[in-house]
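Dear colleague,

I am handing over the structure that we spoke about, and I would be glad if you could look through it with the notes that follow.

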Amino acid sequence: MKNSDQFSRRDFVKLGVAGATVGAFTLGGWAFTEFIVDEGTTDTWHKSVCRFCGTGCGVMLGMQGKKLTRIRGDENAHNKGVICIKGALLAELMKIPNRLLIPKIRKNGKLVSSTWEEAMQLVAEKFKSSIDNFGPDSVAYYGSGQLFTEESYTANKLFKAGIETNNVDSNARLCMASAATGYVQTFGKDEPMGSYEDIDHADCFFIIGSNTYECHPPIWERIRIRKSVNPNVKIIVVDPRNTKTAQQADLHLAVVPGTDLLLLNAMLYLLVKCQNIDRKFIDEHVQFMYEEKKVGFEDWVAFLDDYKPELVAEELGLSVKEIQTAAHWFGTSKASMSLWTMGINQRIQGVFLNNTLNSLHLVTGNICRPGATPLSLTGQCNACGGIRDTGSLSHLLPGGRFVQNEKDRNDMEKLWEVPEGTFSERPGYHAMELFQAMVDEKVKTALIMCSNPAQSLPNLNHYIPGLEKCFLVVADIFENTETANYADVLLPTALYIEKTGVLGQTERRYQLVEKLIEPPGSAKSDLEILVDLAERLGHGKLIKSKTTADVWDEWRKISAESKYDFSGITYERLKNECGIQWPCPDVSHPGTKRRYAKGDPFVEEGKEIQFYGKENNRAIVFLRPYIKDEEQLTDEHPFYLTTGRVIEQWHTGTMTDKISELKNASKRGKFILNPIDAHRLGITENDLVVVTSKKGKIEGPVSISDNETPGVIFASFFDSSFLINKIVNDQYDPVSKEPNYKVTAVSISKVKNTDI
Ligand SMILES: Nc1nc2c(c(=O)[nH]1)N[C@H]1C(S)=C(S)[C@@H](COP(=O)(O)OP(=O)(O)OC[C@H]3O[C@@H](n4cnc5c(=O)[nH]c(N)nc54)[C@H](O)[C@@H]3O)O[C@H]1N2
Ligand SMILES: Nc1nc2c(c(=O)[nH]1)N[C@H]1C(S)=C(S)[C@@H](COP(=O)(O)OP(=O)(O)OC[C@H]3O[C@@H](n4cnc5c(=O)[nH]c(N)nc54)[C@H](O)[C@@H]3O)O[C@H]1N2
Ligand code: SF4
Ligand SMILES: [Mo]
């Protein structure tokens, strides 16, 4: 595998550290096992988890008194001691100055300091008056895959069972909704069957729409190690851009943005044609379906005829040979593993893509055995545990239940001890509808916790007026976020190890973060705020668990009534173990590495594989036709803009852009162009350009890089002075409602030369 130029970037990080001695033990690039910002000795080491991404790395935190001084990857955890630059700088995160210390209330257009009593009284009054005058659906909660499970669970319960509105959604809608819906449709239950450990057994990696190298570095490191001990292992990367991940692939398929479903169906076509499918597995475990209708194997084969590589290669921007190689490697390897993230989820056909990826595994029998699995990489540290598992989305109830299913509603009403008929059968507003409902003044009062939608939503120009109209209560650790600009009440919250709670990462693993530091000023945990609000709204009895330990125990017991059973995962166990994978039905159960397979407590005795999420125990292979993305190139908009991440920055940058090492290394927001396009347009490095889409235009500097492919412009969304989301389109998948951040047709024109 090629070696990357990342060392120079790491050196930059080292140079960026002012005054501190920095030692870093590096692996294959941006992955570290130990990173020390030496500020003296360390008295005690504490087991914890990184608070950033869904890799969910175990970390060891070195404390000197009440100060976090050292970070080390936890060798005993699933990440085997490997962490990335963001995790390595967790100590810097806890030191960021200018935290929000006291509540603020907007008076005459300005946020002014208040007491908690005054702020919470006002919040409760506003919620009550909206509910009284306009009904419970005039209020809403918008949460985050970065809150602890106990927090999301409590918010969900308060709003759905207490206030009686299903208007509960979160930033996970922007992120995981297509993957979650894909799993539910195909297997009947959300969450992956596989584990990270499968990486150590896979012979073919199919990485599609994931820049694993920058966004899940320890996972990339594990893949790299697998490849280095076994050079025959193949890595296929499907990404329109020549990312750091793509550069190290054996086969990089630089598809035209928005066309992947043609590729997946063409691969299926070739797998059938070359007899690389597993008929026995299909006959035992698979059902074919077109929309709601059962169809046969032959119907599926006939459907694939439209996807002969010769018919689709041109639209994909690939050669027939490239498609053949991908199908051959996937179909003939002993164990194939797919990994994917936003390049597939944030798409108009996000759910269809997820279904079809799952199908590749089902028809080849590459599932439920070591190394063979579709594994959707999760984005945030607790999108899985906190949002998906607790059902904190507008169409869900806890433990894989659905708002629209009467039995599910009645079951949850019993478990939460509220009268039958409490839950509305109508799903609440999903994220995109919710912000539209603010524009339309249907939602009058909303609580936003741990998210910064005024920077992260697509088509910002359209939704900002809604944030202005709605009475917004924003709980954040900082005052200077984009969303805080529209807050009517701003509540200071505790961050990371200033509070206790459970995080659930990609592979169904729950891990505990324990409080080690007091929050600054009068900041409170998000749970404390929710408990306070519940009491003020008259739901103190419903929200009876008021501490994180009590909430966890309540949720743990409730989980026992579902196929998500993790009743055996106690705080006590989590304090001593490096996380446990559910299902885990009792305290002596070791957890479940491979779901739907022997060893999973829900698989019947004597069965090797059982897709028990479905009534007939069969997973579904859907016939999913490709539909052209609405964002097609035209003379007016001849480039694709795609947006995403860089390794040093976390989302809207509120945290990472305040850590000098990360800020210096990532520089500012910019449009990144391929040299060929730049040359053709007469654009040079640092030129100022205007990029225009159907939604608007923004100005920004250009950077030129071979990592981009001709016709595609890349921009990240971390820089609040470069709000790329003003021009990103806001169409969304019709089923998952996840927006299409990845494909926007744009034009680009040069403004003037500048020395930025
Ligand atoms: N450093 C860092 N790491 C993070 C985060 C972060 O903010 N910073 N955030 C976390 C979160 S919440 C998330 S959701 C994940 C996201 O992790 P990723 O999904 O890996 O990151 P992105 O950069 O959003 O997008 C991934 C890739 O999709 C590609 N892509 C764009 N259009 C298409 C297409 O049409 N087809 C295909 N196949 N690919 C396409 C892009 O070129 C990009 O390389 O990262 C997590 N990890
Ligand atoms: N253009 C473009 N836009 C995107 C995406 C993309 O790929 N392209 N990806 C989308 C995806 S996948 C995601 S996940 C979203 C993320 O979008 P957001 O959730 O809006 O982004 P964050 O920056 O993570 O916002 C977290 C906020 O919570 C605050 N915070 C941190 N810790 C705590 C805490 O413990 N409690 C509270 N109350 N607040 C806290 C932070 O200061 C910050 O303001 O962005 C989406 N937007
Ligand atoms: S990979 Fe994710 S969880 Fe691991 S250290 Fe980096 S940001 Fe933290
Ligand atoms: Mo995400």
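Which helices and which strand each supply at least two residues of the shell around ligand 1? They are helix 7 (212-215), helix 15 (342-345) and strand 27 (639-644), where helices (H or I, at least four residues) and strands (E, at least two) are DSSP runs numbered from the N terminus.

Before going on, please note that this is a predicted model, in which local features need pLDDT of at least 70 and side-chain atom pairs count only at pLDDT 80 or more, while totals for chains, interfaces and linings use all residues. Residues are numbered from 1 along each chain as its sequence is written, chains are lettered from A and ligands numbered from 1 in the order in which they are written, and side-chain values use heavy atoms, with hydrogens and water left out.

Domain 3 (177-376) and domain 4 (639-752), with bounds from an automatic or database domain assignment, both give residues to the shell around ligand 1, so the ligand lies between them. Of the 33 residues around ligand 1 (each with a heavy atom within 4 Å of it), Asn211, Asp239, Asp260, Arg645 and Gln649 come nearest.

Among the polar contacts (pairs of N or O atoms within 3.5 Å), a nitrogen atom of ligand 1 is 2.6 Å from a side-chain N or O atom of aspartate 260, and a nitrogen atom of the ligand is 2.9 Å from a polar backbone atom of cysteine 215.

Ligand 3, in turn, is surrounded by residues including Cys50, Cys53, Lys86 and Pro217. Strand 6 (83-84), helix 2 (85-88) and helix 8 (217-229) each supply at least two residues of its shell.

Note on methods: Polar contact = N/O pair within 3.5 Å; in protein donor to acceptor, adjacent residues only side chain to side chain.
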